[in-house]
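Trainee: I would like to go through this model and test each label against its cut-off.
Mentor: Good. Ask what makes each label hold.

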Amino acid sequence: MFRQLVAIFLLFSVFPAQATEAGWALLRNGGQVVLMRHAIAPGSGDPANFDIENCGTQRNLSERGRLQARRIGALVDARAAPVEKVLASRYCRTRDTATQAFGSDMVELFPALDLPADDSAMEKQKAEILARINDYTGSGNLFLITHLEIIEALIGASAREGEAIILSRGGDNLHAAARIKFN
């Protein structure tokens, strides 16, 4: 019984590392589009007095989240082809993840990556994001830093805070080719 438990533990602990190594291999080749959820931001949702122009009214990165974002940037810099462009939603937690990881000069705000106001907005945003993804032909990697709801709408799957999903592209059908989980 003990051997079976150890085998099961080892089996589940090895797969995330393999998925991560597959992701790094794709990023080293360049030309990838990466969908990434913002770094650690405690809580859920934004306060009732939310104002997209005022970070004081939003859920923001914790110190651990800022550290996670800087670590993401250092690892991408060390292990991947160059980052060609970084698109982020206008929310402070996504913008701060992008600037902490890649530097403010690399970041372009892309409102389609914002949390949608309703279902019709989501469809319009999804179309804008898909167009941007499908039009990307760079030799470096393109990072899109956004929110869980956008990721779920695009690929039908969840992502942890700070998780990078390397996309397999094909028209309107996106799915995760690989994932990199940053702790």
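Trainee: Which residue stands opposite V33 in strand 4?
Mentor: V33 faces L142 there. Bear in mind that the model is predicted.

Trainee: What makes strand 1 and strand 4 a pair?
Mentor: Pairing needs at least two bridges. Strand 1 and strand 4 (residues 141-146) have five bridges, in the parallel sense. They therefore count as paired.

Trainee: And what makes strand 1 and strand 5 a pair?
Mentor: Three bridges join strand 1 to strand 5 (residues 164-168), in the antiparallel sense. The cut-off is at least two, so the label holds.

Trainee: Why is strand 1 called largely enclosed?
Mentor: Five of its five residues are buried, so the rest of the structure largely encloses strand 1. V33, L35 and R37 point one way, V34 and M36 the other, and all are buried.

Trainee: How do you know that C55 and C92 form a disulfide?
Mentor: Their sulfur atoms lie 1.9 Å apart. The limit is within 2.5 Å, so the pair qualifies. C55 sits in the loop between strand 1 and helix 2, C92 in helix 3 (residues 92-102), 37 residues apart. The whole structure has one disulfide.

Trainee: Why is this disulfide called left-handed?
Mentor: Because the torsion about the S-S bond of C55 and C92 is about -85°.

Trainee: Why is C92 called buried?
Mentor: Buried means under 20% relative accessible area. C92 has 0%, so it is buried. C55 has 27%, which lies between 20% and 50%, so C55 is partly exposed.

Key: Residues numbered from 1 in each chain as written. Predicted model: local features only at pLDDT ≥ 70, side-chain atom pairs only at ≥ 80, totals over all residues. Heavy atoms only, no water. Buried < 20%, exposed > 50% of the residue type's maximum accessible area, 1.4 Å probe, protein only. Helix = DSSP H or I, 4+ residues; strand = E, 2+ residues; numbered from the N terminus.
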